[in-house]
Amino acid sequence: MLDGFANEGFADVWTPVAMSRELGKAPLGLTLASERVVLFRDNAGRVSALHDRCPHRGVKLSLGKVSPDGCLECPFHGWRFASGGECSHIPLNPMPEEKRQRYAATAFPVRERGGLIWVYTRPGAEAPEEPAVPPVMEQPGIHLWHYAETWNAHWTRAMENMLDSPHLPFVHRRTIGGPMWKRMKPDSQLELEVHPTPTGFRTSWSMDGRPSDGSLEWLRPNGMQLNIPIPHRLMRLYMYCVPVDATHTRMMLVSSRDFLKLQPFARLVDLYNKRILREDQAVVESSDPIEAPPVSEERSVATDRATLAFRRWYLERKKRGPREATASTDTPEAPPLAS
Ligand code: FES
Ligand SMILES: [Fe+2]
């Protein structure tokens, strides 16, 4: 059951799956790594996440509704499930409470933090740790903007794109890559550094000896943090590449800053972020094969160090499963490069 997480190298991880504002009074069904998940709020507004499959006859619970007692009611025969999946009511079949508990739905650990709803991809168990929500997302005085769209891409290709700095002067020549493009000469050289961090790695680069202004961080498994240095100001972009299925990825963007909080400036900055995303989308969706392949199947160079560190982690995890792979691939090593 729920093999999609393992098949996608995505078992036992926390990931954002939806923006808080997307979940109102009605249940919200979504697909995460080919598995069906339903989110709903109980009467107190607390979020629950269940396998979107009724244990009775397998229909989508997300087609049902939240009942007055704050439980999720299946659309087919009206069974009700509480926030932890406990079966609270089976119409027309009175039975003792303890017997009814054998009819429970499968629940996922879930949190609502930073304007996002996070799910841990192991159903029916407690999560061993809390999601690594970037502190800035919960810091007072910070303007947050959440946005999501779906790409026709595998999440690994989208994630690599987000960790890839050498594409900036090409894909983003007219936006954020402009300064790099102007400085670049035919014989320019980019030096890339990758340093492990507790949540993945941090990569920075310099071109012809001149350090970059910003840096990128990989937030394992599927997040990227872009640090944009502005004197006396804070500005960070977060991008989460959330696997939907083998050919779709939900791109969830959170932009954060402590300035330009008022309309219409805020709107302009947010539109600019969206434009950058659009520039990436066209390229990433053309990837062949759709999923990042083994390292040996594509030619790589020194400036691919960061993306290959991610890829090796992913492939290892997919091959060996989450528990065995984590310890051996936490620290990115120098990738094998094409000669
Ligand atoms: S299928 Fe859900 S109650 Fe019957
Ligand atoms: Fe990009």
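# Close-up views of a predicted model

**View 1. Asp-208 is an exposed residue with a positive phi.** Asp-208 counts as exposed, because 12 other C-beta atoms lie within 10 Å of its own. Although Asp-208 is not a glycine, its phi is positive, at about 50 degrees. Asp-208 belongs to the loop between strand 14 (200–207) and strand 15 (210–211). Strands (E, at least two residues) and helices (H or I, at least four residues) are DSSP runs, numbered from the N terminus.

The model is predicted: local features need pLDDT of at least 70, and side-chain atom pairs count only at pLDDT 80 or more, whereas totals for chains, interfaces and linings use all residues. Residues are numbered from 1 along each chain as its sequence is written, while chains are lettered from A and ligands numbered from 1 in the order in which they are written.

**View 2. Ala-33 has a positive phi and is buried.** Ala-33, which is not a glycine either, has a positive phi of about 50 degrees. Most residues other than glycine have a negative phi, and most peptide bonds are trans. Ala-33 is buried, because 24 other C-beta atoms lie within 10 Å. The loop that holds Ala-33 runs between strand 2 (28–32) and strand 3 (35–41). Strand 2 and strand 3 pair in the antiparallel sense over five bridges; two strands pair if DSSP finds at least two bridges between them. Leu-32 stands opposite Glu-35 in strand 3.

View 3. The bond from Arg-220 to Pro-221 is cis, with omega near 0 degrees. Pro-221 is in the loop between strand 16 (215–219) and strand 17 (223–227). The bond from Asp-288 to Pro-289 is also cis, with omega near 0 degrees. Pro-289 is in the loop between helix 6 (265–284) and helix 7 (305–320).

View 4. The 16 residues of helix 7 span 22 Å from the first C-alpha to the last, close to the 22 Å expected at 1.5 Å a residue. The expected span is 1.5 Å times one less than the number of residues in the helix. The buried residues of helix 7 include Leu-308, Phe-310, Trp-313 and Tyr-314. Just after helix 7, Gly-321 has a positive phi of about 90 degrees.

**View 5. Thr-15 is a buried residue of strand 1.** Thr-15 lies in strand 1 (residues 14–19). Thr-15 counts as buried because it has 24 C-beta neighbours inside 10 Å. Five of the six residues of strand 1 are buried. Thr-15 and Thr-121 are 106 residues apart in sequence, and their C-alpha atoms are 7.9 Å apart in space. Beyond neighbours within four places in sequence, the contacts of Thr-15 include Trp-118, Thr-121 and Tyr-240; two residues are in contact if their C-beta atoms, placed from the backbone, lie within 7 Å. Strand 1 pairs with strand 11 (residues 116–120) in the antiparallel sense over five bridges. Ala-18 has Ile-117 in strand 11 as its bridge partner.

View 6. Strand 12 (residues 143–151) pairs with strand 19 in the antiparallel sense over nine bridges, and Thr-150 has Arg-250 as its bridge partner. Strand 18 and strand 19 run antiparallel and are joined by ten bridges; they form a hairpin with two residues between them. Cys-241 has Met-251 in strand 19 as its bridge partner.

**View 7. The largest nonpolar core has 64 residues.** A nonpolar core is a set of buried Ala, Val, Leu, Ile, Met, Phe, Trp, Tyr and Cys residues joined through C-beta atoms within 7 Å. Val-37, Val-119, Ala-158, Met-239 and Cys-241 touch the most other members of the largest core. Strand 18 (residues 235–245) gives the most to this core, with seven residues. Domain 1 (3–133) and domain 2 (137–329) both give residues to the core, so it lies between them; the domain bounds come from an automatic or database domain assignment. Apart from neighbours within four places in sequence, Ala-158 has contacts that include Trp-151, Cys-241 and Met-251.

Technical notes. Buried ≥ 20, exposed ≤ 12 C-beta atoms within 10 Å, placed from the backbone.
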